[in-house]
Each structure stands twice: as C-alpha cells, then as structure tokens.
Amino acid sequence: MTDTIINVSSLSFGYAGSDVLVLEDITFDIKKGEVALIIGASGSGKTTLLKMLGKSMIPEGRLSGKAEYYGRQISSLSQAEAAVKIGYVGQNPDNQIVAAIVEEDVAFGPENIGVPPAEIRTRVDNALAAVGMTEYAKHAPHLLSGGQKQRVAIAGVLALEPDCIVLDEPTAMLDPRGRIEIVNTVKKLNREKNITVVYITHYMEEAMQADRIIAMEHGVIKMQGRPEEIFTKVKELHALGLETPLAAQAAFDLRQKGIKLADGIISNEELTEELCR
C-alpha cells in the first residue's frame with residue numbers, strides 16, 4: 001500500500017449561517033487497498049466528512065483546505081465522475097435501491113453513465129457475484145432481508161467499478177446476522193479486488209479489522225493509528241464517548257488490578273492466549 005488514493009489536508013467546513021465549524025483542520029490520507037475506519041460519537045463530524053469524500057453532499061458554507069482523489073480536488077469532480085471513482089453507500093439501503101428487480105437496480109448506475117449493454121450485463125453479473133447475491137438477481141428488493149438489501153446497494157456501487165468505496169454505518173440498521181454479512185462482504189472486496197474502503201461504524205468489533213482507525217470529536221481528529229494503537233487507549237476513548245472492544249477493556253481492567261499483561265491486546269484470541277500463558 002504505497003499509493004495515496006485520498007488525501008485530506010487542513011480541511012475545515014462550516015454550514016452557511018453558522019459560526020460553528022463542523023470539520024476543523026482535518027488531515028489524513030488513505031492508501032490504495034487500505035481499510036480505514038472512522039469512529040466518533042454522534043455530532044463528531046464523521047458523516048459530514050464521509051459525504052464530502054463520496055460527494056453525496058454538495059456543501060454550502062465555508063470550506064477550506066483540500067480533499068483530493070489522486071491529487072484532484074473531489075469537489076471539482078462531476079457527480080458522474082465521483083460515482084465511478086469513489087462509490088458511496090449509506091445507512092439505509094432503501095434510499096439507494098431504485099428498481100423493482102435486483103439486477104435492474106444494479107444496472108441502473110452503469111446505464112446512467114452510458115456503459116454499453118453487453119458490458120452492463122457483465123458488470124451486473126460480476127457485482128452480484130462479488131457480494132454473494134447472484135441467486136437473487138431476479139428477486140424483488142423489497143422481499144429481501146436488511147443485510148441482503150445492503151449487499152444489493154453495495155453491488156450497485158461495484159457495478160460502477162470504483163477504486164474506493166465509502167460506507168456510512170452500513171450495518172447500523174441491521175441485526176447481528178446482517179452485520180456479519182456486510183462486514184464479510186466488505187472484507188472480501190478489499191482482499192480479493194483490492195478496493196480501498198473508508199467506513200464509519202459504531203461497532204468496535206468491526207473497527208478492529210481495519211488497517212487504520214481515525215477517531216473524531218467535535219469535528220477534530222483526536223487520534224489515528226493502527227487498531228492495536230488506538231483501542232488500547234481505553235481512558236482516551238472513554239473520554240471521547242466511545243466504547244472499547246471487550247478484550248481491550250478486560251485487559252485494561254486486569255492491569256488496573258495489578259496483573260501484568262502484554263501490550264496491544266484488543267481481541268478475544270489475544271487475551272485468551274495471554275491469560276493462558
């Protein structure tokens with residue numbers, strides 16, 4: 001992962017008519033093939049940031065700094081260009097599904113950008129296969145489960161063949177089974193297709209699987225680093241109104257009781273191994 005696909009530098013934003021900055025001096029970059037997770041309590045600015053990266057929101061207000069895709073300001077991209085470079089998936093798949101049949105919905109984006117019919121067929125088949133929904137191609141989306149609908153929404157983005165997908169709490173409205181489906185789908189896309197992923201979640205167990213964590217509060221980045229660097233900072237995360245993975249919290253509590261444990265424990269497997277040792 002050497003190529004920077006998204007670069008954000010000194011980005012600040014405030015809505016028109018308000019003196020409050022929603023984002024303030026945000027700086028980070030995302031490497032090609034990386035999975036970056038953005039976490040933060042409600043009102044931290046993470047959704048506004050993600051919508052600006054995916055250009056699903058055209059901001060009106062005070063905007064300064066840079067948010068670039070391969071060196072080009074994202075705000076200068078047309079909606080069509082943005083869609084084929086950085087695919088956006090929101091919380092509610094019902095807001096993204098527009099057709100009465102699954103395969104027609106997945107074909108909607110490529111049709112809109114003028115992809116030839118023969119290639120659309122190939123893209124639809126490949127996208128549905130990538131998210132494990134081939135057998136549902138002829139189904140009506142409203143008859144699917146929440147997790148299946150979200151996978152259709154992701155397939156619709158994949159059919160545009162973006163280099164990067166940004167997901168705004170895609171598991172927030174799902175039950176545990178649906179959450180597992182989406183997490184596994186995203187991991188597969190990243191691993192097999194080298195798709196760069198920028199992802200917001202409230203579930204720390206999901207965030208543990210990222211390459212990098214960006215923690216925000218009141219529009220400011222408070223911490224960023226690898227999961228083992230971030231999730232062992234239990235007191236700091238609590239101060240941000242965030243939970244920690246159960247194993248990281250247990251390891252912290254045990255250390256407070258005087259029990260010596262190795263550093264960097266964030267998973268159940270790591271904690272079990274250390275306790276057995």
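Biologist: Is F13 buried or exposed?

Modeller: This is a predicted model, and in it F13 counts as buried, because its relative accessibility is 0% and the cut-off for buried is under 20%.

Biologist: Which residue forms an aromatic pair with F13?

Modeller: The partner is Y15. The two rings are arranged edge-to-face, with 4.8 Å from centre to centre and 75 degrees between the planes. Y15 is partly exposed, with a relative accessible area of 36%.

Biologist: How many aromatic pairs does the structure hold?

Modeller: It holds two. Besides F13 and Y15, Y69 and Y70 form an edge-to-face pair, with 5.0 Å between the centres and 70 degrees between the planes. Y69 is buried at 7% relative accessible area, whereas Y70 counts as partly exposed at 40%.

Biologist: What lies over the face of Y203?

Modeller: That is R179, at 4.2 Å from the ring centre.

Biologist: Let us change topic to the sheet. In what order do the six strands come?

Modeller: The order is β6-β7-β8-β3-β9-β10, in an open sheet with mixed pairing. Strands β6 (86–89) and β10 (220–225) are at the edges; each has a single partner strand, so one side of each has no neighbour in the sheet. On average, neighbouring strands are turned by 15 degrees against each other, direction ignored.

Biologist: How many bridges join β7 and β8, and in which sense do they pair?

Modeller: There are five bridges, and the sense is parallel. Strand β7 covers residues 164–168 and strand β8 covers residues 196–200. As one example, D168 has I200 in β8 as its bridge partner.

Biologist: T196 is in β8. Is T196 buried or exposed?

Modeller: T196 counts as buried, at 0% relative accessibility.

Biologist: What is T196 in contact with?

Modeller: Leaving aside neighbours within four places in sequence, the contacts of T196 are I5, I30, K31, K32, G33, E34, D163, C164 and I165.

Biologist: Now the helices. Which strands does α6 lie across?

Modeller: Helix α6 (residues 176–193) lies across β3 (35–40), β7 and β8, and it runs at about 155 degrees to β8. Another helix, α5 (residues 146–158), lies across β6 and β7, at about 160 degrees to β6.

Biologist: How far apart are the C-alpha atoms of V186 and I165?

Modeller: They are separated by 9.4 Å, and the two residues are 21 residues apart along the chain.

Biologist: One more topic, the nonpolar cores. Which residues touch the most other members of the largest core?

Modeller: They are I39 and F231, in a core of 48 residues.

Biologist: And what does F231 touch?

Modeller: Not counting residues up to four places away in sequence, F231 touches I39, M204, A207, M208, I213, L237, T244, P245, A248 and I266.

Biologist: Where does F13 belong, then?

Modeller: F13 is in a second, separate core of 30 residues, which also includes L53, A82 and V198.

How values were computed
Residues are numbered from 1 along each chain as its sequence is written. This is a predicted model: local features need pLDDT of at least 70, side-chain atom pairs count only at pLDDT 80 or more; totals for chains, interfaces and linings use all residues. Side-chain values use heavy atoms; hydrogens and water are left out. Two strands pair if DSSP finds at least two bridges between them. Helices (H or I, at least four residues) and strands (E, at least two) are DSSP runs, numbered from the N terminus. Axes are lines fitted to C-alpha atoms, for helices over the stretch in contact, and angles run from 0 to 180 degrees between N-to-C directions. Contact means heavy atoms within 4.5 Å. Rings of Phe, Tyr and Trp (its six-membered ring) pair if their centres lie within 6.5 Å; planes under 30 degrees apart count as stacked, over 60 as edge-to-face and the rest as tilted. Buried means under 20% relative accessible area, exposed over 50%, partly exposed in between (1.4 Å probe, protein chains only). A charge sits over a ring if NZ of Lys or CZ of Arg is within 6 Å of the ring centre and within 35 degrees of the ring normal. A nonpolar core is a set of buried Ala, Val, Leu, Ile, Met, Phe, Trp, Tyr and Cys residues joined through side-chain atoms within 4.5 Å.
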